[in-house]
Amino acid sequence: VPSAHAGAMAGEGKKFVGKEPVRLWCKGAILGYKRGKTNQYNNTSLIKIDGVNERSAVDFYLGKRIAYVYKAKREIDGSKFRVIWGKVCRPHGNSGVVRAKFRKNLPPKSIGGRGRGMLYPSNV
């Protein structure tokens, strides 16, 4: 699975190997919160990582960090960008969706947005 993310998209990333830029994270979509029929549990978010389509492929990402990067109005330390960090804790279903717990619960505005799946800490 990690080899699927080795190729980089042009114009993204800061590190260069040869002449092609390399992205050191994989894209993910924030689907919503863990929920049942009547109850919603805001302390666990569901993330769909691009290129992960089955439960067995999730094993590589268990324990990896996820960052939700958003832009705020007020500058802090010279930047308007803020980050909420989380960690992949387990699979959710059989289609490659993962459950992640964030340090602070993700805001409802994040649903449908993008998350960055960092490729560390490494288990290899």
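**View A. Antiparallel pairing of strand 4 with strand 7.** In this predicted model, four bridges pair strand 4 with strand 7 (residues 97-102), and the sense of the pairing is antiparallel. Within strand 7, Val97 is the residue that stands opposite Lys48.

**View B. The hairpin of strands 3 and 4.** Strand 3 spans residues 25-35 and strand 4 spans residues 40-49; the two run antiparallel and are joined by seven bridges. Together, strand 3 and strand 4 form a hairpin, with four residues lying between them. Arg35 has Gln40 of strand 4 as its bridge partner.

View C. His92 belongs to strand 6, which covers residues 79-92. The relative accessible area of His92 is 25%. Because this value lies between the 20% limit for buried and the 50% limit for exposed, His92 is classed as partly exposed. When neighbours within four places in sequence are left aside, the residues in contact with His92 are Leu46, Val97, Val98 and Arg99.

**View D. The side chains of His92 and Arg99.** A polar contact links the side chain of His92 to that of Arg99, at 3.0 Å.

**View E. His92 and Arg55.** The C-alpha atoms of His92 and Arg55 are separated by 8.0 Å in space, while the two residues are 37 residues apart in sequence.

Key:
Residues numbered from 1 in each chain as written. Predicted model: local features only at pLDDT ≥ 70, side-chain atom pairs only at ≥ 80, totals over all residues. Heavy atoms only, no water. Buried < 20%, exposed > 50% of the residue type's maximum accessible area, 1.4 Å probe, protein only. Contact = heavy atoms within 4.5 Å. Polar contact = N/O pair within 3.5 Å; in protein donor to acceptor, adjacent residues only side chain to side chain. Pairing = 2+ DSSP bridges.
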